[in-house]
Amino acid sequence: MATPLIELKDLAKDFAGIQVLKGISLSFERGEVHGLLGENGAGKSTLIKILTGVYSPSSGEILLDGKPIHVHRPVDAHSHGLGAVYQDSELAGSMTVAENILLGNEPSRVWINRRKIRQEAAEIMRQIGLDLDPDRKASTLTAAQMQMVTLATLFHRRYKLIILDEPTARLSASESELLFKMIATFKQSGITIVYISHRLHEVKLLCDRATILRDGRVSGTLERGKIDEDVVTQLMVNRSSADLQIENRGLRQEKVVLELKSLSTSRLAPLSLTVRAGEILGVTGPLGAGMEQIEKCLGGLSVYDGEIVVDGAVKVIRKPGDALKAGIALIPEERRKQALFPSLSMAENVSLPALSKLTQFGLVHGAAKRNYAQGIIERLAIYPNAPDRPIRYFSGGNQQKAVIGKWLERKAKVYVFVEPTSGVDVGAIRQIYEIILKMAESGAAVIVISTSVKELLALCETIMVVHDGTVSAHVPRSAVDRDGLLAMTISKDAQPKAGMAISA
Amino acid sequence: MSTSSTGAVTKARKDIQAESGASAILSFLRHWGTILVIILFGVFFSLMSPYFGTVSNFNNILFSMIVSALLSMGLTYVVAAGSFDLSIGAVVTTTSIITALLIPSIGWIAATAVGLGAACLIGAVNGVLVTYGRLSGIVTTLGVMFLLGGVNTYLSGGYQIPVDYNEAVFRFLGQGRVGPIAFPVIILAAVFVCGYILSTRSKAGHYIGAVGDNPMAAYYSGISVYRWVIVSFVLSALFSGIGGVLLTSISSSAQPVGGQGYLLEAFAAVFLGATILGKGKPHVLGTLLGVFFLYMVSSGMNMIGISFATRQLFNGFVLLAAVGANAALNREEIHLKFI
């Protein structure tokens, strides 16, 4: 076989002593579509970030056409012809589709020739089968169309390797079809595609080979035709770290706290469910397949049809403030952007929602605020115990605890956690689980939305799987095992206890 | 062109036709609204005063707006790149003083060149501070504005600096006439044409717009974002410098203060101009029309005897209305930016 386009040799990466990639050796051939699968935390995103120059590897080599290359900055990756399309593609909104496709790569040196730009863009779009008006403003495109335009940009620049990260997460079925056709065109012109997805049927359909990562290592590479659910699941499951020794022994009480009656959005088929006091409901599924709609509705970030009932009263939730008033606390995934004030101190961050309680004659009582914060820091074991330090100097895990701490005293009736332990160090994960379990114990209804199977099995009493905007399974924790649940998240027809069948 | 994409275009046209009449009017107003307002004001003043609608008054308006128009066009680049430049008024004064000071010793050509060079240097300093220095554009240029205020007083000693009456060629720049048209108006027109071509036809203008629109997308497209931000600041200072040179020539002297007055007019013109032709972002032609509107209204109000206080009031109102219209044009789903 000829030299592969990209060869990774023993690539390793650690963050502050924690090994995330433990020696990856892998090759991408010219013109192949190579699937990349793995559980959350298996190292997929770290690997992509190394390939696109966001991170530098701690050790190991990247070979391009057999020659070692250094990719330390995104610009290096661009110059070597390595590119990625992320879910939220970046385009210049007020420029046209054609101008965006050729941005930074215009045909002439000094002057702008709009006619030529338009022609060249139209030609590119014809080649890859993208049917858009080249004169349309980019800001009027849908998320899917923006993603396709970004692809066209990479095609125009003759990139050698294009990484697609969960590309269908925001696409409808027909848009996905178009994307698959484009991938086929790319393949024909010799471009290598690395296709990352949780949806096994897409990987089966598209990929020539698929590599499964597990716990920072390559656990196996499968040829087309050998990619099937059982084998993939088996390669994905990380048995070594399966025993977190936390388990929800059943905290559910009789009282129904949250009830959804035919809740629906444009991307979620009508959903009805109840969550009782003390119950922890886990929601999982492929990214963008509908589970995120639940958090958006409950948090007041999306319009919905149907009813949200909290403690027997119908609540209308149109904006985040409504959710708080209804007693629903949303703990979002992107803490730094959405839930924390990075330059404010730990004390100020955690006491913010409780300020009205800590005021006297309309003035915030400084000592009371500090005491309050101190209490939360101790209860949640936030380390270091430094209430006056700006929160951006704390680790991811301690930041997450602070976000939870913000809502502790508010005594919300419903807590919605989204990926509660993403970016959290291993030591803090257990503590966060204990906090969540305590919240349930004290009678709150808890929803945990997560792509980590391990997490759901540790925390939840009931588990729901969402595929294509519809609930494909809603079962008690006791009815699923690890392999079964994993299979259910990658394919909607899997059996809850699939793992039993293929004991290898 | 493939037939399928032609089909898409036809479909889009049909969609537009299918829109209700109300939204067609709305989209017409969005495009032509500001120009319509300008014309209506022109007609109104022409009816109110017999002297308003004359060629000589038109010339007067053009002549009075020269410096302001130059500053505003320069500022357009900076705002298009997504920043602010509050130092342009002070740059006018600095260039003016440097030019006037140097004319006796090195002649008007060299003096003008040094003046414009100094302006470009100030622009480059502004640009480097907001990019590599990571400072905010507002604060940086505010600081530079005060700094230049000190420099201006220091250089001029606080007195006006006269330009010798014998500098006939230099005085022609600001005071000469070609037929009925004042020579500085011709310079303004020439600068406008260059500036317009630069912003619509050159890569510089294209990239400055891209950077202001979405710096992240520009960065990922391999555009050197910092370079184009710096270029926009240099252009802004250069245009202000040209204004300073013309001002020196027009008044045959350099004043130790006075450039600052143009600053707010320039901002008003840029944001007013952004609404012209429904672009929703600053563009050079819009800015020029914006300046023209402000000076036309000022002249008209003057003629029908409206007090200075009322005119100021009106200018403030126009700026708010223009920015408001602009916000309505570029309506974002969630508005959480308060710069």
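This is a predicted model: local features need pLDDT of at least 70, side-chain atom pairs count only at pLDDT 80 or more; totals for chains, interfaces and linings use all residues.
Author: Let us begin with a term: a salt bridge is a side-chain nitrogen of Lys or Arg within 4 Å of a carboxyl oxygen of Asp or Glu.

Reader: How many residue pairs are in polar contact between chain B and chain A?

Author: The count is 9 residue pairs, both residues having pLDDT 80 or more. As for the elements of chain B, helix H1 (3–18), helix H9 (183–201), helix H10 (203–213) and helix H11 (215–220) each give two or more residues to the side that touches chain A. H10(B) gives the most, with 6 residues.

Reader: How is the size of an interface expressed, and what is the area buried between chain B and chain A?

Author: The size of an interface is often given as the accessible area lost when the parts come together. Between chain B and chain A the buried area is about 2,100 Å², and carbon and sulfur atoms give 56% of it. On the side of chain B, the residues that lose the most area to chain A are B:Lys203, B:His206 and B:Tyr220, together 27% of what that side buries. In terms of contacts, 25 residues of chain A meet 23 residues of chain B.

Reader: Into which domains is chain A divided?

Author: The division is into domain 1 (6–91 + 141–241) and domain 2 (256–327 + 412–490). Their C-alpha centres lie 29 Å apart. The two domains of chain A can be read as an interface too: 20 residues of domain 1 are in contact with 18 residues of domain 2. The area buried between them is about 1,600 Å², with 53% from carbon and sulfur atoms. Helix H8 (residues 229–236) of chain A gives the most to the side of domain 1 that touches domain 2, with 4 residues. Between these domains of chain A there are 0 salt bridges and 1 residue pair in polar contact, both at pLDDT 80 or more.

Reader: Which residues touch the most other members of the largest nonpolar core?

Author: In soluble globular proteins, nonpolar side chains tend to be buried together. Here the largest nonpolar core has 107 residues, and A:Ile162, A:Val232, A:Tyr415 and A:Phe417 touch the most other members. Helix H15 (residues 426–441) of chain A supplies the largest share, 9 residues. Domain 1 and domain 2 of chain A each contribute at least three residues to this core. A second, separate core of 86 residues includes B:Ala90, B:Val91, B:Ile187 and B:Phe233.

Reader: Is A:Val310 buried or exposed, and why?

Author: A residue counts as buried when its relative accessible area is under 20%. A:Val310 has 1% relative accessibility, so A:Val310 counts as buried. A:Val310 is placed in strand E14 (residues 305–310) of chain A. Not counting residues up to four places away in sequence, A:Val310 touches A:Val257, A:Leu258, A:Lys315, A:Ala326, A:Ile328 and A:Lys413.

Reader: Where is B:Ser83 placed?

Author: B:Ser83 is in the loop between helix H4 (66–80) and helix H5 (88–106) of chain B. B:Ser83 counts as buried because its relative accessibility is 13%. Apart from neighbours within four places in sequence, B:Ser83 is in contact with B:Val78, B:Gly137 and B:Phe233.

Note on methods: Residues are numbered from 1 along each chain as its sequence is written. Chains are lettered from A and ligands numbered from 1 in the order in which they are written. Side-chain values use heavy atoms; hydrogens and water are left out. A nonpolar core is a set of buried Ala, Val, Leu, Ile, Met, Phe, Trp, Tyr and Cys residues joined through side-chain atoms within 4.5 Å. Buried means under 20% relative accessible area, exposed over 50%, partly exposed in between (1.4 Å probe, protein chains only). Domain bounds come from an automatic or database domain assignment. Contact means heavy atoms within 4.5 Å. Buried area is the accessible area (1.4 Å probe) that two parts lose on being put together, summed over both. A polar contact is a pair of N or O atoms within 3.5 Å; within protein, one must be able to donate a hydrogen and the other to accept it, and residues adjacent in sequence count only if both atoms are side-chain atoms.
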